[in-house]
Amino acid sequence: RTFIEKSHTRDELPWPRSRSAGRLRRSPSPHRPQKPMSQTEVAVLSRYILLAALLTTTTLATIAQAYSDDGSMATLRSVRQIMPQTPRHWVGDGFHVHPVFANKAFTEEMSPFLMFDYAPPTIFPPNSGPPKGVGQHPHRGFETVTIAFDGEVEHKDSNGGHDIIKKGDVQWMTAARGIVHQEFHSKGFSERGGTFEMCQLWVNLPKKFKMTKPSYQAILDGAIPVADLTETKDGQCSDEKVGNVRVIAGSFGETKGPATTRSPVELWDVTIDRKATVDLPFPPDYNCIVFVRRGVIDVLGNDGKSREVEPQGVALMKTDGGDRVRIIAKQKNTSLLVMGGRPLNEPIAARRPFVMNTMEEIYQANRDYHMGKF
């Protein structure tokens, strides 16, 4: 039965019935004067207006929902804040970077991540002099993660680590109780010159791991698994591939990243080949950060609102119970870094290059470094 039939008998219908066609007719006969609306007609019209309003509200909520792989209703995460591109500065003479987290760096909002420097594509001419970069400097209490998108970086540290990371490679250095290292353009890249694009992330260590032995992970491009990324249509994941996800840490679906982490961490290198909508499942209790390396995107939240993020901008997501992030790529060949993890919920005491839990621990780190204990 229709909405009208449920609410009224045939004799109460607000429009006259056509005897010839047996159908409802909205327009009264032109030979009769139009009567004022009765109370019944006013009531029906009011119900239709209310129904239309409810349908509009429901539609906005529905487009922000999808189904999880197990068939249960999934909810999108909404955007807490859009952080625009920041001005660049030089780190040493080899890394011209955007400090992506700006004033959010070293705050619980980004935990377990601490800091993020991104060096966009920059052309360096051939260099016959000393390689460009950053000389020896100490760290304690956290990890540095360097991703090479183009160019080469040579790393040496006091724990015996020595490596060159090239395009697609990742180095994951755990400073823990203390390490001294240096980072330069590799000799080969310096002599050839070319395009250089890198990023470095700092990941905080839980208190129980801050004074453990330092370590180093060289994660080569070929060791990083790649998962297919499919398009979302009408709130459902389709079988149409529109990109891929390089899983560096954590997991995307059934694909698990190779990095060993000291707390739950997700780090994905996402490529969307064309204009498309995609859903990225993400643990609802983790902080989630979406960085636009290349392209322009909209992020659609559970509130039905979409927020635009431009190149080198960040969408900082709410922890509102949503278990996926919906991305609308507005340009082809869009590239994102999606990262996050379970917040450590521990005090953060930071004085570069040390990150501990109390200022007394920072002072002790400085004393230990100058006494040669690293």
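**Figure 1. Contacts across the whole chain of the predicted model.** Among contacts in the chain between residues at least 6 apart in sequence, 72% join residues at least 24 apart, and the structure in which they are counted is a predicted model. The chain has four helices and 28 strands, and 48% of its 374 residues count as buried.

**Figure 2. Confidence along the chain.** The average pLDDT of the chain is 87, and 80% of the residues score at least 70. Over residues 1-32, however, the pLDDT is below 50, and this stretch has 24 contacts in the model beyond near neighbours in sequence. Residues 53-72 also have a pLDDT that stays under 50, and for them the model has 29 contacts beyond four places in sequence.

**Figure 3. The aromatic pair of Phe124 and Phe196.** A search of the whole structure finds 14 aromatic pairs, and one of them is formed by Phe124 and Phe196, whose rings are 5.9 Å apart from centre to centre, with 85° between the planes, an edge-to-face arrangement. Because Phe124 lies in strand E6 (residues 113-124) and Phe196 in strand E13 (residues 194-204), the pair ties together parts that are 72 residues apart in sequence. Phe124 has a relative accessibility of 9% and so counts as buried, and Phe196 is likewise buried, with a relative accessible area of 1%. These two residues also belong to one aromatic cluster, which is formed by Trp90, Phe95, Phe124, Phe189 and Phe196.

**Figure 4. The aromatic pair of Phe354 and Phe374.** The ring centres of Phe354 and Phe374 are 5.9 Å apart and the ring planes meet at 70°, so this pair is edge-to-face. The pair links distant parts of the chain, since Phe354 is in strand E28 (residues 354-356) while Phe374 is in the segment after helix H4 (359-370), 20 residues apart. Phe354 counts as buried, at 4% relative accessibility.

**Figure 5. Arginines over aromatic rings.** Arg293 lies over the face of Phe149, at 3.9 Å from the ring centre. In a second case, Arg352 lies over the face of Trp202, and here the distance from the ring centre is 5.5 Å.

**Figure 6. The surroundings of Gln200.** Gln200 lies in strand E13 and is buried, because its relative accessible area of 15% is under 20%. The side chain of Gln200 is joined to that of Trp202 by a polar contact of 3.1 Å. When neighbours within four places in sequence are left aside, Gln200 is in contact with Met115, Phe116, Asp117, Thr144, Val145, Thr146 and Glu183. Gln200 and Met115 are 85 residues apart along the chain, yet their C-alpha atoms are separated by 8.1 Å.

**Figure 7. The surroundings of Gln217.** Gln217 lies in strand E14 (residues 215-219) and is buried, with a relative accessible area of 14%. A polar atom of the Gln217 side chain lies 2.9 Å from the backbone nitrogen of Thr260. Not counting residues up to four places away in sequence, Gln217 touches Val170, Gln171 and Trp172, as well as Pro258, Ala259, Thr260 and Arg262.

Methods
Residues are numbered from 1 along each chain as its sequence is written. Side-chain values use heavy atoms; hydrogens and water are left out. Rings of Phe, Tyr and Trp (its six-membered ring) pair if their centres lie within 6.5 Å; planes under 30 degrees apart count as stacked, over 60 as edge-to-face and the rest as tilted. Helices (H or I, at least four residues) and strands (E, at least two) are DSSP runs, numbered from the N terminus. Buried means under 20% relative accessible area, exposed over 50%, partly exposed in between (1.4 Å probe, protein chains only). A charge sits over a ring if NZ of Lys or CZ of Arg is within 6 Å of the ring centre and within 35 degrees of the ring normal. pLDDT is the predictor's confidence in each residue, from 0 to 100. Contact means heavy atoms within 4.5 Å. A polar contact is a pair of N or O atoms within 3.5 Å; within protein, one must be able to donate a hydrogen and the other to accept it, and residues adjacent in sequence count only if both atoms are side-chain atoms.
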